[in-house]
Amino acid sequence: MVQSSEAVGWSVMGTGTITTEHMVAAIRSAGQEPLWVVSRNRQYAAHFSQDMQIPGVALDARRALEDPRVGFAYVSAVRDRRRHYILAAAAQRKHVLCDGPIAGSSRLAASLVETCRTAGITLALHQPFRTLSPHQTMRRLLLEGEIGTLQSLLIARGAPFQPPPNRHADEAVDRGNALFEASIDSIDLARFLTGQEPVAVSALSASPAQGETDQQSYALGLSGGAVLQSYESFTTAEFESIVMLAGDRGTLIAHGTLSGKGAGTLVRRLNGRNELIPVRERDPHVTTIEAFLALPRKPATWMSLGEDNVIALRAAEAIRAARNKRPVSIGTVDAKTSAGGSHP
């Protein structure tokens, strides 16, 4: 890392619920200290500073980032503001940990990655799905050949739409981008688990006649020959999420890992038998902070960097484009024909 790594202070950009409930405590647990809170809203910043016992309050990111005690920025602002804070941190050569995605398009994300690379700073993402012990164990077991050669990956999750936890009731929720961001997370998880890259896509979504699209299904061909199949929905009653790696010798299945309500469980299926694999629960937020701080000395192969987010965004954009293509209509099948009869 650059010289700023000698500082142990953080500037927290944004005052959302995840930051309040998890990330400030995670920073402190790593032996470092949040010194500034930055927000466009003076009242939000003041209340956050008081609640979290953070001494500095700023509306201008430069004021916080120019503090020589600050070596790192955690960006948790709404998506459209992340670019502003990332660029401000790059200008001051302060390393960035950001909620994902870092931008609304792959083109803008690639520009931010290049800016940070030129500045010589780290741009990493807070991606809790990568941090969960069941997912990290699945990746290790796949690499060790426990299920043979990977053939397919299945990711499925569904629940009624609920706005994400928000500290501020007056902030609008961008429901239109909910599925887009869900696909980004799924693609990022698939890349992490398999080590393969998306190369081709097909997709299906609800008909526009049904109103706003709240569910989608898509398939990605991966560079190593495996196929990712994913289903994401806000129209169903909540069901236990599934992440499944299927090989030619066995299968690994993680249940309940995508709900945000716990680590979930991991099962290995070999020779017609299911085996529950014990996994060590750990705080994903603390784990992320520790891995981020150790990046220059001990690269965390599981951690998502800016370049990873660019790839996931490109694949998600391809899915969105594929969804907009008109599906091939099958038409009505004649009852006699379907029953094995013939036309006169």
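1. Ser106 lies in helix α5, residues 106-119, helices being DSSP runs of H or I with at least four residues and strands runs of E with at least two, numbered from the N terminus. With a relative accessible area of 10%, Ser106 is buried (buried means under 20%, exposed over 50% and partly exposed in between, with a 1.4 Å probe and protein chains only). Leaving aside residues up to four places away in sequence, Ser106 touches Val310, Leu313, Arg314 and Glu317, contact meaning heavy atoms within 4.5 Å.

2. The model is predicted, so to speak of local features requires pLDDT of at least 70, while side-chain atom pairs count only at pLDDT 80 or more, and totals for chains, interfaces and linings use all residues. Residues are numbered from 1 along each chain as its sequence is written, and side-chain values use heavy atoms, with hydrogens and water left out.

3. The count of aromatic pairs comes to 3, where rings of Phe, Tyr and Trp (its six-membered ring) pair if their centres lie within 6.5 Å, and planes under 30 degrees apart count as stacked, over 60 as edge-to-face and the rest as tilted. Trp10 and Phe292 form a tilted pair, at 5.7 Å centre to centre and 55 degrees between the planes. Because Trp10 belongs to strand β1 (residues 9-13) and Phe292 to helix α9 (residues 284-294), this pair ties together parts 282 residues apart in sequence.

4. Phe292 is buried at 0% relative accessibility. The rings of Phe72 and Phe292 are edge-to-face, with centres 6.0 Å apart and planes at 70 degrees; that pair links strand β4 (residues 70-75), which holds Phe72, to helix α9, across 220 residues.

5. Helix α8, residues 178-194, has 17 residues and reaches 24 Å from its first C-alpha to its last, close to the 24 Å expected at 1.5 Å a residue, the expected span being 1.5 Å times one less than the number of residues. Since 15 of the 17 residues of α8 are buried, the helix is largely enclosed by the rest of the structure. Just after α8, Gly195 takes a positive phi of about 70 degrees.
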